Amino acid sequence: MTIELKVPDIGGHENVDIIAVEIKVGDTVELEQTLITLETDKATMDVPATHAGVIKEVKVKVGDKISEGGVIALVEAAGASETKQPESPKPVEIKQETPAPQAASFSGSADAEYDVVVLGGGPGGYSAAFAAADEGLKVAIVEQYSTLGGVCLNVGCIPSKALLHNAAVIDEVKHLAANGIKYPEPEIDIDQLRGYKEKVIGKLTGGLAGMAKARKVDLIQGFGKFVGANHIEVALTESTQYEHASETGAKKTVQFKNAIIAVGSRVVNLPFIPKDPRIVDSTGALELRTQNGKLPEKMLVIGGGIIGLEMGTVYSTLGARLDVVEMMDGLMQGADRDLVKVWEKMNAHRFDNIMTNTKTVAVEAKEDGIYVTFEGEKAPKEPQKYDLVLVAAGRAPNGKLCGAENAGVAVTERGFIEVDKQQRTNVPHIYAIGDVVGQPMLAHKAVHEGHVAAENCAGHKAYFDARVIPGVAYTDPEVAWVGVTEEIAKRDGIKITKSVFPWAASGRAIANGRDEGFTKLIFDAETGRIIGGGIVGTHAGDMIGEICLAIEMGCDAEDIGKTIHPHPTLGESIGMAAEVALGVCTDLPPQRKK
Ligand code: FAD
């Protein structure tokens, strides 16, 4: 029997936006399973199925409006016993825990007026600005430094990868010795290497400036602060280097219809750490500072996260012995331990001491080195001496540093700005994106959020509804993961099945002489759909996107396994891991019949 699944009583709301459709034709739905999500001005609500069965037709799509009685889908009902009287969906209040401040009233005049002013020119900010301009809006970016690209292009993702690429080639060449190809030790000209990194940054930031010009996006260089709900005052700056700017004394006030806050994050400084050129944050580490013409021989990395380990890899390849100290029980938190173990084994030679469950309690700068005292499980008894200490203990959001409160925007104690799925703050014409709205602090998240905010500024109904955001450590080997990990599944009681394809059986990995890695897929045990995955091995970061796409498309193992991957590639390992899930992988010994 075919039955219409309809919207029940939704508290008198009419023409409500559909922001998510959770079903497709052919799905088997159970009673109370969410069909669609609606959003009113004040709340979002999930609409559950009133009948179980197989979906024959879906009548709605994201962006449609619907009222009580509207037909969502047709279902081939499983039986009379599997029906339920419609219940009103329970609204989920949009999270707004921080009290909203009263906006300041601004009575001055503006020097310029825009449809959209974007505060901050990082990956989130410039992407939002360019997308808004592509929609035909009049747009300005306010950025305190002279180049666009923010942390990512100037002192983050890109310069670190420029250095990591050189380090990887040096390491790769060493591996060739085992194949009979021997090179002498490399001669490293640090000034030239630094110059290469600067050239990479210049090429990309120069490209962004050109693209801003081509889109007629105005760049206003200065430090911006909201002075009211529709105005930002910019203290104009001069800057020749990222993270260094001085105010010129001149000011400019811009008026906006919409604003996008994209002010990013900054390095967390530990209070007990003295100022000394031998103690650096990630920006300092990227400068490749030398002492008496030499790079450090002994380096401490405080914080065992991605940024610290990537920079540690560079310095280690350039000749430094490494120690790392991490308060948690393992390095690279967030990734499953089986992935991290492979990286640890391959990188053990770089480290003298990996101090997990340990914290840094004192740092003293002396003439002959930086002396550091530790406390905890792996703490050495005596203070340890280092030539260089990299503090990579996390980043803090800049939400409290841009006068957002003057515009009535709520900012949390820690400096984050809360937003809804449309990237709107509590003030409807002001959006926020990127690091300042929360974890994960990653450039690709910022970019997507920026696009959503821009589309909404242009009057569309756009939502940030990505199912997953991948994480990658660009170490050697790379470690990449996405979606539900085994750790998350265990923590949240999600029933999963997993399949692993070891690269020891990958023709390409063996030919490359790098078969230490593996590819793991994680499936929902009930639906069979892929919900997560992890890869450790060379180029893992370049491959994880396929697993992201599979998750977004709701693929199961058959979809992935029957997709023809080119041979011989590392990417093939994803198809083969899916074949392992199906029990049909002919590149491995026969699997036990289930
Ligand atoms: P940001 O990039 O922080 O940009 C914000 C901009 O706003 C800045 O340019 C700042 O000057 C400007 N600004 C702030 N306040 C004001 C104001 N009041 N007035 C005017 N201008 C203002 N992410 C990845 O995805 N992949 C990586 O490989 C990666 N590697 C990294 C390596 C390092 C060493 C670091 C430090 C970070 C790395 N990240 C990486 C993180 C990534 O850089 C950030 O997630 C990303 O830059 C955030 O973008 P955003 O637009 O939110 O802010």
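# Chatting through a predicted model

Trainee: Is strand S4 enclosed or open to the outside?

Mentor: Strand S4 (residues 34-39) is largely enclosed by the rest of the structure, because five of its six residues are buried. A residue is buried if 20 or more other C-beta atoms lie within 10 Å of its own, exposed if 12 or fewer, and partly exposed in between, with C-beta atoms placed from the backbone. Helices (H or I, at least four residues) and strands (E, at least two) are DSSP runs, numbered from the N terminus. Keep in mind that this is a predicted model: local features need pLDDT of at least 70, side-chain atom pairs count only at pLDDT 80 or more, and totals for chains, interfaces and linings use all residues. Residues are numbered from 1 along each chain as its sequence is written.

Trainee: Which strand does S4 pair with?

Mentor: Strand S2 (residues 16-21) pairs with S4 in the antiparallel sense, over four bridges. Two strands pair if DSSP finds at least two bridges between them. One of the bridges joins Val21 to Ile36 in S4.

Trainee: What holds strands of a sheet together, by the way?

Mentor: Strands of a sheet pair through backbone hydrogen bonds, either parallel or antiparallel.

Trainee: And where's a parallel sheet here?

Mentor: Look for the open sheet of five strands in the order S16-S23-S17-S18-S19, where the pairing is parallel. Strand S16 (279-280) and strand S19 (351-355) stand at its edges with a single partner strand each, so one side of each is left without a neighbour in the sheet. Inside that order, strand S17 (residues 298-302) pairs with strand S18 (residues 321-325) over five bridges. Ile302 has Val325 in S18 as its bridge partner.

Trainee: Let's zoom out. How many helices and strands are there?

Mentor: The protein has 13 helices and 30 strands. Its radius of gyration is 27 Å, close to the 25 Å that the globule rule gives for 594 residues, so the protein is as compact as a globular protein of that length. That radius is taken over C-alpha atoms, and the rule is 2.2 Å times the number of residues to the power 0.38. Along the principal axes, the C-alpha atoms fill a box of roughly 80 × 75 × 50 Å.

Trainee: What share of the residues is buried?

Mentor: Of the 594 residues, 43% count as buried. One example is Val75 in strand S8 (residues 71-77). Val75 is buried, with 25 other C-beta atoms within 10 Å.

Trainee: Who does Val75 touch?

Mentor: Leaving aside neighbours within four places in sequence, the contacts of Val75 include Ile3, Leu5, Val29 and His51. In contact means that the C-beta atoms of two residues, placed from the backbone, lie within 7 Å. Val29 is 46 residues from Val75 along the chain, and their C-alpha atoms are separated by 8.6 Å.

Trainee: New topic: the ligand. Which residues are closest?

Mentor: The closest are Gly120, Gly122, Gly150, Gly264 and Gly434, and 35 residues surround the ligand. For that shell, a residue's C-beta atom, placed from the backbone, has to lie within 6 Å of the molecule. Elements that each supply at least two shell residues include helix H1 (123-134), strand S12 (218-228) and helix H8 (443-457).

Trainee: What's the shell like by class?

Mentor: The shell has 17 nonpolar, 16 polar and two charged residues. Here Ala, Val, Leu, Ile, Met, Phe, Trp, Tyr, Cys and Pro count as nonpolar, Asp, Glu, Lys and Arg as charged, and the others, Gly among them, as polar.

Trainee: What does UniProt list for "binding site"?

Mentor: An unreviewed UniProt entry gives Lys161, Gly224, Asp435, Met441, Leu442, Ala443 and His444. They are spread over 284 residues of sequence and also in space, up to 30.1 Å between C-alpha atoms. Gly224 lies in strand S12 and is buried, with 27 other C-beta atoms within 10 Å. Ala443 lies in helix H8 and counts as buried, with 21 C-beta neighbours inside 10 Å.

Trainee: And for "active site"?

Mentor: The unreviewed entry lists His567. UniProt positions are given in the numbering used here, feature names are shortened, and annotations may be inferred rather than shown by experiment. His567 is in the loop between helix H12 (557-561) and helix H13 (572-582).

Trainee: Is His567 buried or exposed?

Mentor: His567 is exposed, with 12 other C-beta atoms within 10 Å. H13, on the other hand, is mostly covered, with 10 of its 11 residues buried. Helix H11 (540-552) and H12 are among what covers those buried residues.
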